[in-house]
Amino acid sequence: MIKINQTESFAVEDILFCFALESEAEEVFKENNVVFTGIGKVNAAYELSKAIQNKRPSIIINLGSAGSSSFQKGDVICCTKFVQRDMDVRGLGFALYETPLSGLPLVLEYGLLMDNLQEGICGTGDNFEMEHSSHVYNVVDMEAYALAMIAMKENIPFLCLKYISDGADDNAAEDWTIQVHKAAIAYGKILGLI
């Protein structure tokens, strides 16, 4: 059993662990039900949808690396709010980050809180952000919004943990390359798998 918080625990075999890249999982998760989506929202949406069809999990746990200018490298942040940071249809009168005619709020709120972790708002987009300046979100990734939206629409509990690998700044690419391999160990310890 993996304990998420005071009221929610899940059997390991009922969990779908969702990573963008194998390097974020390493050997720690090799015995678990894992899907590697690839990078970006479209890949994430496609691969998660396929995985849900094959085996409907009791919970989806998204684990991955992320940038942040608000949190420290090596922190693991629990994200329960998501913004599609590259959605910009202001030219047609919609708010920045608003998905037109979707019925979804600007900030999608869906996800479980995990005890003893800081909470963040994840801005997802199809670019590797190296000049983070938004005050709407404080964690930057490339898949979580799509995963959270699908989990919400499928009514499957969702937990999103992001390992801060870089500062979403001009050193982000170099920092990410070094830090990404440390994510699996951090997740394994938090989830009680190692």
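This is a predicted model: local features need pLDDT of at least 70, side-chain atom pairs count only at pLDDT 80 or more; totals for chains, interfaces and linings use all residues.
Helices here are DSSP runs of H or I spanning at least four residues, strands are runs of E spanning at least two, and both are numbered from the N terminus. On that basis, Glu143 sits in the loop between β9 (139-141) and α2.

First, the overall picture. The chain has four helices and ten strands, and reading from the N terminus the elements go β-β-β-β-α-β-β-β-β-β-α-β-α-α. Of the 194 residues in the chain, 50% are buried. Taking contacts between residues at least 6 apart in sequence, 72% link residues at least 24 apart.

Helix α1 covers residues 41-54, which makes 14 residues. From first C-alpha to last, α1 reaches 20 Å, close to the 20 Å expected at 1.5 Å a residue. Its buried residues are Lys41, Ala44, Leu48, Ala51 and Ile52. Looking down the axis of α1, these buried residues fall within an arc of 100°, so they line one face of the helix. The face turned away from that buried side carries Val42, Tyr46, Gln53 and Asn54, which are exposed. As for what the buried residues of α1 pack against, the partners are the strands β3, β4 (34-36), β5 (59-67), β6 (76-84) and β8 (118-124), plus the helix α2 (144-153).

Back to Glu143, in the loop that leads from β9 to α2. Glu143 is buried, yet has no salt bridge. The nearest side chain of opposite charge belongs to Lys162, and that one is 4.8 Å away; the cut-off for a salt bridge is a side-chain nitrogen of Lys or Arg within 4 Å of a carboxyl oxygen of Asp or Glu. Setting aside neighbours within four places in sequence, Glu143 touches Ala20, Thr37, Gly38, Ile39, Gly40, Ala44 and Thr124. One of these, Ala44, is also among the buried residues of α1.

Another glutamate, Glu13, occupies the loop between β2 (9-10) and β3 (15-19). Its relative accessibility is 54%, so Glu13 counts as exposed, whereas Glu143 is buried. Glu13 and Asn32 are 19 residues apart along the sequence, and their C-alpha atoms are 7.1 Å apart in space.

Notes. Residues are numbered from 1 along each chain as its sequence is written. Side-chain values use heavy atoms; hydrogens and water are left out. Buried means under 20% relative accessible area, exposed over 50%, partly exposed in between (1.4 Å probe, protein chains only). The expected span of a helix is 1.5 Å times one less than its number of residues. The arc is that of the directions from the helix axis to the C-beta atoms. Contact means heavy atoms within 4.5 Å. Lys and Arg count as positive and Asp and Glu as negative; His and the chain ends are not counted.
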